[in-house]
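Me: I have a structure open and want to learn how to read it. Please take me through it, feature by feature.

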Amino acid sequence: MTELFNTIGQGHPVPGRFLPVALAFIALEFMYLRFLAHHHEHDLAETAASIGVAIGDIAMRALTGIVAAVPMFILYEYRMFDIPLNVVWSWIGLFLAVEFFYYWFHRASHRVRWLWATHSVHHSATQFNLSAAIRLGWTGPLSGAFVFFLPLPLFGFHPLAVGAVLGAGLLYQFFLHTAFDVHLGPLEHVLNTPRHHRVHHASNDGCLDKNYGNVLIVFDRVFGTFANIPENEQLRYGLKGRAPSTNPFVIALGEWRHLAADTLRSRGWRKRISILFGPP
């Protein structure tokens, strides 16, 4: 269960036990696109780097899993209500609550540089495919991203139920990264889909900081962060202003190095705080 809570820090899927299944889907996507569709949405070096990042992430979770799980269980002991888990409305309410808090966690991960140092790892791939889904930051729990979800056990949702709903949503997100141009028709108005997530990953000016949703896209529509794929414009991927790398350590820790350097160069605590917690 600590694996589920650890994925909160990244905001994206792949618990360790799911990695072999993820790699199988990545291989199938690669082989179909390369040999049958003759497309080249997979770069072997970049995919190998993503696998290396994923392995490092799993190793870090073994060391930091308790950081996110313990506060959840402590707050549950002081819960405001006893919410039953044997009725449908409880699970519907929990699902909607997770979606709401996930939206704000994900939005903050793009707008607060301290959180972006972890989340930027996921956006560093220059091609959009299933291998990008396993490219996850190693420092999520240590950066305190799980704080966004602490109101849930305090309100009365059992931490294991919170972890289960989060885990299901994060596994759903894995398939949002497919290179196939999947269109779900009317469901595109409600669900987060591969087309919406392409926009989220794109580094085009009109796509930055858009489509933060988890399973649903409704909160993006409510809070004004929704965007469709731009017309007559090719989507570009990767981090703006950062050179791509195939070294897993550079990918996972590079933004922390930039953040530390900018903080140390600045003068005065007010300036340093603005660098740490201001926008990237």
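Reply: Start with accessibility. Buried means under 20% relative accessible area, exposed means over 50%, and partly exposed is in between, with a 1.4 Å probe and protein chains only. Take asparagine 232: its relative accessible area is 84%, so it is exposed. The model is predicted, so local features need pLDDT of at least 70, side-chain atom pairs count only at pLDDT 80 or more, and totals for chains, interfaces and linings use all residues. Residues are numbered from 1 along each chain as its sequence is written, and side-chain values use heavy atoms, with hydrogens and water left out.

Me: Where does asparagine 232 lie?

Reply: Helices (H or I, at least four residues) and strands (E, at least two) are DSSP runs, numbered from the N terminus. Asparagine 232 is in the loop between helix 11 and helix 12. Its phi is positive, about 55°, although it is not a glycine.

Me: What is phi of asparagine 211, and is that residue buried or exposed?

Reply: Phi of asparagine 211 is near 55°, again a positive value in a residue other than glycine. This residue sits in the loop between helix 10 and helix 11. Asparagine 211 has 0% relative accessibility, so it counts as buried.

Me: How do I read a salt bridge?

Reply: Look for a side-chain nitrogen of Lys or Arg within 4 Å of a carboxyl oxygen of Asp or Glu. A search of the whole structure finds seven salt bridges. One of them joins aspartate 262 and arginine 113, with the closest N and O atoms 2.8 Å apart. That pair links distant parts of the chain, 149 residues apart: aspartate 262 is in helix 12 (residues 248–265) and arginine 113 is in helix 5 (residues 113–119).

Me: How accessible are aspartate 262 and arginine 113?

Reply: Aspartate 262 has a relative accessible area of 21%, so it is partly exposed. Arginine 113 is at 9%, so it counts as buried. Arg113 and Asp262 also belong to a network of salt bridges with Arg265.

Me: Which side chain meets arginine 195 in a salt bridge?

Reply: Aspartate 181 does, at 3.1 Å, N to O. Arginine 195 lies in helix 10 (residues 194–201) and aspartate 181 in the loop between helix 9 (159–174) and helix 10, so the pair ties together parts that are 14 residues apart in sequence. Aspartate 181 is exposed at 56% relative accessibility, while arginine 195 is partly exposed at 24%.

Me: Which partner does arginine 242 have?

Reply: Glutamate 255; their side chains meet in a salt bridge of 3.0 Å, N to O. Arginine 242 is in the loop between helix 11 (218–223) and helix 12, and glutamate 255 is in helix 12, so parts 13 residues apart in sequence are tied together. Glutamate 255 is buried, with a relative accessible area of 9%. Arginine 242 is partly exposed at 31%.

Me: What is the nearest side chain of opposite charge to glutamate 188?

Reply: Lys and Arg count as positive and Asp and Glu as negative; His and the chain ends are not counted. For glutamate 188, the nearest opposite charge is arginine 195, 4.6 Å away. Glutamate 188 is buried yet has no salt bridge. It lies in the loop between helix 9 and helix 10. Contact means heavy atoms within 4.5 Å. Leaving aside neighbours within four places in sequence, the contacts of glutamate 188 include Val182, His183, Ile217 and Arg221.

Me: How do I read a pocket?

Reply: Picture a 1 Å grid over the protein atoms alone. A pocket is an open set of points with protein on both sides within 12 Å along at least five of seven lines, whereas a cavity is a set where a 1.4 Å probe fits but cannot get out; lining residues have an atom within 4 Å of a point. Points are joined across faces, edges and corners, and a volume is the space filled by probe spheres set on them. Here the largest pocket holds about 380 Å³. Of its 17 lining residues, the closest to its centre are Trp116, Leu208, Leu239, Lys240 and Pro280.

Me: What is the volume of the second largest pocket?

Reply: About 290 Å³. Helix 12 gives the largest share of its lining, six residues.
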